[in-house]
Amino acid sequence: MSSRTSRTRRGAAGLTAALALTLGACSGGSDAGGGGDAAPGEVSGDITLLTPIYEGTEGQRLLEDELLPQFYEQYPDVTVTVDYTTYGQLNEKLTTAVASGLIPDVMMMGVGWIEGFADRGILANLSEDAGYTQADLEADYAPQIVEAGMWEDSVYALPIMLDTRVGVARMDLLAEAGYDHTPTSWEELREMAIALTERDAAGTLQRTGFDIMSTDLRQGFETMFFSSGGSLFNEDFTEPTFNSPEGVETLQFLVDLVNTDGVEDIGFSSTDAEVNPLLNGRAAMGITHNSLWTQAEEAAPDVMEHLQPFTIPGEVPGMFFGGTMASVAAGSDHPQAAQALTEFLASPDAALAANEQRGNVPALTELLDSDYVQGNVMVQFAMENLDVAQREGGPPAWLEIRGDITPAIEAALLQQQTPQEALDALAAGAQAAIDR
């Protein structure tokens, strides 16, 4: 989708009363709220918002017709210009903005991105400017989610929504093979995957027992890697640990599923598949995104009762999370207005609306009890298990490193390199990026 720029300034006539800005929930009880001690009537200015999450007609309608009018009721002297983009274009947009010096006042970016932009002085330090603390925020978010918005012990971004990767099983297909439970170990996962895989008389794959191709290979690998007890980097993020014994074991496990066990064929499915294989019966189990539930509502409502999410059962429960966070530009001409918008977008009602529109996982713990979450099995499962979820990122060089992970996994799956060789090369490149 091409990016669009839209200046929105609509009155709130005909809408319900403006949503209460429960900023205490977002600022952990700090005094932060719309720019420090400034009253709403004292906050003003024309500001810009760069966002990848209000995509398409429905996303734009939600932001412009519902959310921003509510924000304007609270801050009538603020005007917001919205620059819509996609995650595929976001990094280029941000890079261009930094190079030109025309940096948006409020920027939404992914988990793993904050460190690099904060390290370069592009993001405002919300601990210094607004009084946010890690401890206060952890009253409202899981600790690892708070950490995703921090750099050098300071808060630079507020969480809005999460993207998770978990295991999912089609329990009806498992039952046909004699299983009444999801896997309890890697060994059982492999055994079940082999038993559930189906090929025709010519050997053509008809159903994979464990789909790893329909999700991003980087994120699928990381979900398995986290379950092995592995970490992407050392504690201070100065060295990569992709090629640790846990990393090699994880990649070897995936290589064996494809090349030894015949559980899945390269090209059988992909991230571009119109319908997830779990929904049309082409997969019995797999690693998938939490949006599977909303896709099932549209494409395969008859299988929804059979979908069972599970954490990957390794040395520790494996679950991946990414997400979207809102930050303020360090050089904003209207920092109070930018902070007010950031806090509004992260507030419970606004964040819930954005998550529901996209089928994503709310970051705020209190939203677990919302009707949306309770009515979405995948989202509910993700929120109930956020204590075991792990994220990618860490060093400022992450955006440079992450693009090399999928090619390394592919090289091993295609048997062009051994898992050890592929991960050693990946780690060497990552170390060079960190050292630069």
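Reader: What makes E152 count as exposed or buried?

Author: In this predicted model, E152 has a relative accessibility of 61%, and since exposed means over 50%, E152 counts as exposed. E152 lies in the loop between β5 (150-151) and β6 (154-155), and its phi is near 50 degrees, a positive value in a residue other than glycine.

Reader: Why is F237 called partly exposed?

Author: The relative accessible area of F237 is 32%, and because buried means under 20% and exposed means over 50%, with partly exposed in between, F237 is called partly exposed.

Reader: Which residues make up the patch of negative charge on the surface, and what makes the patch negative?

Author: The residues that gather in this patch are E235, D236, E239 and D435, and because Asp and Glu count as negative, the patch is one of negative charge.

Reader: How do you know whether A350 is buried or exposed?

Author: A350 has a relative accessible area of 0%, and because buried means under 20%, A350 is buried. A350 is found in helix α15 (residues 348-358), where P348, A351, L352, A354 and N355 are among the other buried residues. Just after α15, G359 takes a positive phi of about 75 degrees.

Reader: What makes the contact between E115 and R391 a salt bridge?

Author: The side chains of E115 and R391 meet at 3.0 Å, N to O, and because a salt bridge requires a side-chain nitrogen of Lys or Arg within 4 Å of a carboxyl oxygen of Asp or Glu, the pair qualifies as a salt bridge. This pair links distant parts of the chain, with E115 in helix α4 (residues 114-119) and R391 in the loop between α17 (377-384) and α18 (398-402), 276 residues apart.

Reader: Why are E115 and R391 called buried?

Author: E115 has a relative accessible area of 1% and R391 has a relative accessibility of 16%, and because buried means under 20%, E115 is buried and R391 counts as buried.

Reader: What is said to tie together parts of the chain in the case of R199 and D265?

Author: The side chains of R199 and D265 meet in a salt bridge (2.7 Å, N to O). R199 lies in strand β8 (residues 198-199) and D265 in the loop between α11 and α12 (277-280), so the pair ties together parts that are 66 residues apart in sequence. R199 counts as partly exposed at 33% relative accessibility, and D265 counts as partly exposed at 27%.

Reader: What makes the largest nonpolar core a core, and how many residues does it have?

Author: A nonpolar core is a set of buried nonpolar residues joined through side-chain atoms within 4.5 Å, and the largest such core has 91 residues, those with the most contacts inside it being Y54, V80 and L341. Helix α14 (residues 335-346) gives the largest share of this core, 7 residues. Apart from it lies another core, of 48 residues, including F225, V258, F320 and A422.

How values were computed: Residues numbered from 1 in each chain as written. Predicted model: local features only at pLDDT ≥ 70, side-chain atom pairs only at ≥ 80, totals over all residues. Heavy atoms only, no water. Patch = residues over 30% accessible without salt bridge, like charges linked within 9 Å, V, L, I, M, F, W, Y side chains within 5 Å. Areas by Shrake-Rupley, 256 points an atom, 1.4 Å probe, with all protein chains shown as cover. Charge placed at Lys NZ, Arg CZ, Asp CG, Glu CD. Buried < 20%, exposed > 50% of the residue type's maximum accessible area, 1.4 Å probe, protein only. Helix = DSSP H or I, 4+ residues; strand = E, 2+ residues; numbered from the N terminus.
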